[in-house]
Amino acid sequence: MIFAGDFAQLQPVTGATLYSTNVGTKLASRMSVKKQEETIGKALWHQITTVVILRENMRQKTQTPEDTKLHTALENMRYKSSNRPVLAQKKFRNVSIITAWNAHKDQINKLGSERFAKETGQNLTTFYSKD
């Protein structure tokens, strides 16, 4: 069986990762179906005995200078490299940011909105909604 993918990507939207300590290794009848599936998935994952790690990105063998910049940025983010661009630079101020947690997204949006209002001399009005 061959598994392919980027294990440095964001966590699953629902459920737990197979390597999470929150996923048990023993089934119980009182578990929800989702928890049973996660437990079975983890048990199957732990039966893998041979692992081959591919280190060279074959998809981006031939690339434009812009592709090279993107590849370098993605690789730096993945490995938390210290030579990645400084996100505090002005050219990164109004870019999309992907985060795994809504709480982080909310705080990033709050800080970005406050900064934008201050830089443009506008008043910021916040409205809250109840679902």
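The following legends describe close-up views of a predicted model.

In this predicted model, local features require pLDDT of at least 70 and side-chain atom pairs count only at pLDDT 80 or more, whereas totals for chains, interfaces and linings use all residues. Residues are numbered from 1 along each chain as its sequence is written, and side-chain values use heavy atoms, with hydrogens and water left out.

**Figure 1. Overview of the chain and its helices.**
The chain contains three helices and zero strands, and its elements run α-α-α from the N terminus on. Helices (H or I, at least four residues) and strands (E, at least two) are DSSP runs, numbered from the N terminus. Of the 131 residues, 10% count as buried; buried means under 20% relative accessible area, exposed over 50%, and partly exposed in between, with a 1.4 Å probe and protein chains only. The chain exposes about 12400 Å², of which carbon and sulfur atoms supply 56%. Accessible areas come from the Shrake-Rupley method with a 1.4 Å probe, and for residues only the protein chains shown count as cover. Among contacts between residues at least 6 apart in sequence, 21% join residues at least 24 apart, a contact being heavy atoms within 4.5 Å.

Helix α1 has 13 residues and reaches 18 Å from its first C-alpha to its last, close to the 18 Å expected at 1.5 Å a residue. The expected span of a helix is 1.5 Å times one less than its number of residues. The buried residues of α1 are E38, T39, G41 and K42. Seen down the axis of α1, these buried residues fall within an arc of 160°, so they line one face of the helix; the arc is that of the directions from the helix axis to the C-beta atoms. The face of α1 turned away from the buried side carries the exposed residues V33 and L44.

**Figure 2. The segment before α1 and its distances to the helix.**
N22 has its place in the segment before α1 and, at 62% relative accessibility, counts as exposed. The C-alpha atoms of N22 and T39 are separated by 9.8 Å, the two residues being 17 residues apart along the chain. T39 is one of the buried residues of α1. G41, also found in helix α1, counts as buried at 19% relative accessibility. Between the C-alpha atoms of G41 and V23, which are 18 residues apart along the chain, the separation is 9.4 Å.

**Figure 3. A nonpolar surface patch that includes V51.**
F3, I48, V51 and I53 form a nonpolar patch on the surface, with about 390 Å² of accessible area together. Patches are made of residues with over 30% relative accessible area and no salt bridge, with like charges joined within 9 Å and nonpolar side chains (Val, Leu, Ile, Met, Phe, Trp, Tyr) within 5 Å. V51 is found in the loop between α1 (33–45) and α2 (65–78). With a relative accessible area of 63%, V51 is exposed.

**Figure 4. Salt bridge between D106 and K105.**
A search of the whole structure finds five salt bridges, each defined as a side-chain nitrogen of Lys or Arg within 4 Å of a carboxyl oxygen of Asp or Glu. One of them joins D106 to K105, with the closest N and O atoms 2.7 Å apart. D106 is partly exposed, with a relative accessible area of 43%, and K105 likewise counts as partly exposed, at 33% relative accessibility.

E114 forms a salt bridge with K110, the closest N and O atoms lying 3.0 Å apart. Both residues lie in helix α3 (residues 102–120), four residues apart, or about one turn of the helix. E114 counts as partly exposed at 34% relative accessibility, and K110 counts as partly exposed at 44%. E119 forms a salt bridge with R115, again with closest N and O atoms 3.0 Å apart. Because E119 and R115 are four residues apart in helix α3, about one helical turn separates them. E119 is partly exposed, with a relative accessible area of 43%, while R115 counts as partly exposed at 22% relative accessibility.

**Figure 5. The span of α3 and the residue that follows.**
The 19 residues of α3 should span 27 Å at 1.5 Å a residue, and the end C-alpha atoms are 27 Å apart, which agrees. Just after α3, G121 takes a positive phi of about 65°.
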